[in-house]
Amino acid sequence: ALAAQDAADLAGRHVVVSAGGTREPLDPVRFLGNRSSGKQGYALARAALARGARVTLVSANAALPGPAGADVVAVGTALQLREAVLKAAADADAVVMAAAVADFRPAAYAAGKIKKKDGQEPAPVALVRNPDVLAELSASRPRPGQVVVGFAAETDDVLANGRAKLARKGCDLLVVNEVGERLTFGAEENEAVVLDRDGAETPVPYGPKDALADVVWDLVVRRW
Ligand code: CTP
Ligand code: CA
């Protein structure tokens with residue numbers, strides 16, 4: 001919980017938040033997508049604004065109203081998200097990757113609508129890997145002291161998988177959602193553990209996404 005006197009602890013800071021889920025087009029009318037609603041990323045943006053930050057919100061296909069005062073950059077695909085995040089990160093004090101970035105995209109884009117033909121089996125969809133934006137950011141750190149935060153949803157061995165993922169990505173903090181019993185996609189509430197690269201674990205009890213957002217910024221401020 002945030003005390004009123006701490007309300008401007010992000011003043012003078014530029015933070016970048018990615019939100020939503022990328023869509024990877026197959027043809028002009030179809031895409032591969034995911035169920036991320038964007039609510040957690042938008043909650044992070046609103047919380048940062050309330051605490052005085054300048055906020056760039058890189059928003060992938062979220063059907064949500066842009067938070068007043070945020071610089072919203074709308075993107076569609078993982079490649080577009082990468083470009084927008086890396087550009088905004090150049091002078092950012094923190095980057096929080098709450099977006100669900102597609103790991104793969106169709107290897108080919110059909111300029112015309114893919115049609116079915118009678119008596120013909122559908123062709124398999126070939127995929128290629130997308131770049132890992134979080135790993136790239138964590139490795140490059142365009143601004144000294146920049147704090148990089150990732151999100152992960154895990155179903156099994158949540159803490160062990162989270163620790164391994166944090167190490168693999170090279171980020172400072174990883175917010176691990178425990179999914180399974182209560183799905184977090186589209187929900188207003190969330191339960192998580194925030195792992196710090198230095199070994200600390202901050203459990204965040206089941207509650208509103210706004211509350212998790214404030215815990216994330218508390219931990220970012222501590223790292224600064
Ligand atoms: N992420 C990213 N670029 C990608 C994929 C993921 O920046 N191409 C970021 C997400 O925004 C998130 C974090 O990495 O902050 C973890 O995403 P997750 O899908 O859990 O990690 P992956 O390494 O893709 O692992 P998995 O194979 O479990 O999907
Ligand atoms: Ca993934």
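Predicted model: local features only at pLDDT ≥ 70, side-chain atom pairs only at ≥ 80, totals over all residues.
**View 1. Strands β2 and β3 form a hairpin with 2 residues between them.** Strand β2 covers residues 24–27 and strand β3 covers residues 30–32; the two run antiparallel and are joined by 3 bridges. To find your bearings in this view, look for Asp27, whose bridge partner in β3 is Arg30.

**View 2. Helix α5 spans 21 Å from end to end, in agreement with expectation.** This helix takes in residues 209–223.

**View 3. The buried residues of α5 pack against a helix and several strands.** Which residues of α5 are buried? They are Lys209, Leu212, Ala213, Asp214, Val216, Trp217 and Val220. An α-helix has 3.6 residues a turn, so residues three or four places apart point the same way. Around the buried residues of α5 you will find α1 (39–50), along with strands β6 (94–97), β9 (147–154), β10 (173–178), β11 (189–196) and β12 (201–208).

**View 4. Helices α1 and α5 pack with their axes 8 Å apart.** The angle between the two helices is about 55°, which makes α1 oblique to α5. Their crossing is right-handed. On the α1 side, the contact is made by Lys39, Gln40, Ala43, Leu44, Ala47 and Ala48. Helix α5 meets them with Lys209, Asp210, Ala213, Asp214, Val216 and Trp217.

Conventions. Residues numbered from 1 in each chain as written. Chains lettered and ligands numbered in written order. Helix = DSSP H or I, 4+ residues; strand = E, 2+ residues; numbered from the N terminus. Expected span 1.5 Å × (residues − 1). Buried ≥ 20, exposed ≤ 12 C-beta atoms within 10 Å, placed from the backbone. Contact = placed C-beta atoms within 7 Å. Pairing = 2+ DSSP bridges. Axes fitted to C-alpha atoms, helices over the stretch in contact; angles between N-to-C directions. Parallel < 35°, antiparallel > 145°, perpendicular 65-115°, else oblique. Left-handed = near helix turned anticlockwise from the far one by under 90°.
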